[in-house]
Amino acid sequence: MTLSSGDKLPDATLLKLGAKGPEAVDLKSLTAGRKVVIFAVPGAYTPTCSSAHVPSFIRTKAQFDAAGVDEIICVSVNDPFVMKAWGEATGATEAGITMLADAESAFTKAIGLDFDAPPAGLLARSKRYAMAVEDGTVTVLHVEESPGTCEATAGESLLAAV
């Protein structure tokens with residue numbers, strides 16, 4: 001089943017790198033009673049993800065804050081070490097964007113937004129999407145047709161829809 005607007009997010013545990021190593025982040029607890037934006041990329045350090053997608057949310061962070069969004073979360077099927085380093089390299093961490101790893105692709109598969117691109121070395125990766133979530137329920141969901149495109153899922157496009 002592919003996730004759609006109006007659906008509740010599935011129970012999922014993502015990972016972040018804390019002071020003592022990888023830490024579990026319960027998505028249900030993270031979204032309970034809050035307005036959050038979750039955007040996903042096919043891979044950290046990949047061209048479109050680094051040059052377009054993450055920067056679009058850095059640019060729009062203050063506008064999302066003004067719209068009442070409590071947190072912006074970037075998810076990728078990578079490990080938490082890579083997500084921490086990538087967040088620092090792109091300026092996302094400094095901008096206040098939370099970088100979370102879906103290391104086993106469990107969340108990505110549970111919402112039906114996984115894909116494989118063996119020629120590029122991408123297996124069990126996430127399609128590029130952006131969603132607004134209120135109290136664990138998806139209110140807006142944008143998914144790109146092509147993993148190399150960042151238009152419907154850019155921060156500006158999601159901001160216009162929320």
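**Entry 1: salt bridges**

I began with Glu23, which forms a salt bridge with Lys16, the closest N and O atoms being 3.9 Å apart. The model is a predicted one, so I note that local features need pLDDT of at least 70, that side-chain atom pairs count only at pLDDT 80 or more, and that totals for chains, interfaces and linings use all residues. Residues are numbered from 1 along each chain as its sequence is written, and side-chain values use heavy atoms, with hydrogens and water left out.

I took a salt bridge to be a side-chain nitrogen of Lys or Arg within 4 Å of a carboxyl oxygen of Asp or Glu. Side chains of opposite charge can pair when their charged atoms come close. I found six salt bridges in the structure.

For accessibility I used these classes: buried is under 20% relative accessible area, exposed is over 50%, and partly exposed is in between (1.4 Å probe, protein chains only). Glu23 has 32% and is therefore partly exposed. Lys16, at 35%, is partly exposed.

Next I looked up Asp11 and Lys28, whose side chains meet in a salt bridge at 3.9 Å, N to O. Asp11 lies in the segment before strand E1 (13-18) and Lys28 in helix H1 (residues 27-31), so the pair ties together parts that are 17 residues apart in sequence. Helices (H or I, at least four residues) and strands (E, at least two) are DSSP runs, numbered from the N terminus. Asp11 is exposed at 60%, and Lys28 is exposed at 54%.

I then checked Lys61 and Asp65, which form a salt bridge at 2.9 Å, N to O. Both lie in helix H2, four residues apart, about one turn of the helix. Lys61 counts as buried because its relative accessible area is 15%, while Asp65 is partly exposed at 38%.

**Entry 2: nonpolar cores**

A nonpolar core here is a set of buried Ala, Val, Leu, Ile, Met, Phe, Trp, Tyr and Cys residues joined through side-chain atoms within 4.5 Å. The largest has 22 residues, and those with the most contacts inside it are Phe39, Phe57, Phe64, Ile72, Cys74, Trp86 and Ile97. Among the elements that give two or more residues to this core are strand E3 (35-41), helix H2 (47-66) and strand E4 (71-76). H2 gives the most, with four residues.

I listed the contacts (heavy atoms within 4.5 Å) of Cys74. Leaving aside neighbours within four places in sequence, Cys74 is in contact with Phe39, Val41, Val54, Met83, Trp86, Ile97, Thr98, Met99 and Leu100. A second, separate core of 21 residues includes Leu30, Ile38, Leu100 and Phe107.

**Entry 3: Thr153**

I found Thr153 in the loop between strand E9 (137-143) and helix H6 (155-161). At 0% relative accessibility, Thr153 is buried. Not counting residues up to four places away in sequence, Thr153 touches His53, Phe57, Arg128, Tyr129, Ala130, His142, Val143 and Glu144.

**Entry 4: largest pocket**

A pocket is an open set of points on a 1 Å grid over the protein atoms alone, where a 1.4 Å probe fits, with protein on both sides within 12 Å along at least five of seven lines; lining residues have an atom within 4 Å of a point. The largest pocket has a volume of about 160 Å³, the volume being the space filled by probe spheres set on the points, which are joined across faces, edges and corners. I listed its lining as Lys16, Leu17, Pro80, Met83, Lys84, Glu88, Thr93, Ile97, Thr98 and Met99. H3 gives the most to this lining, with four residues.
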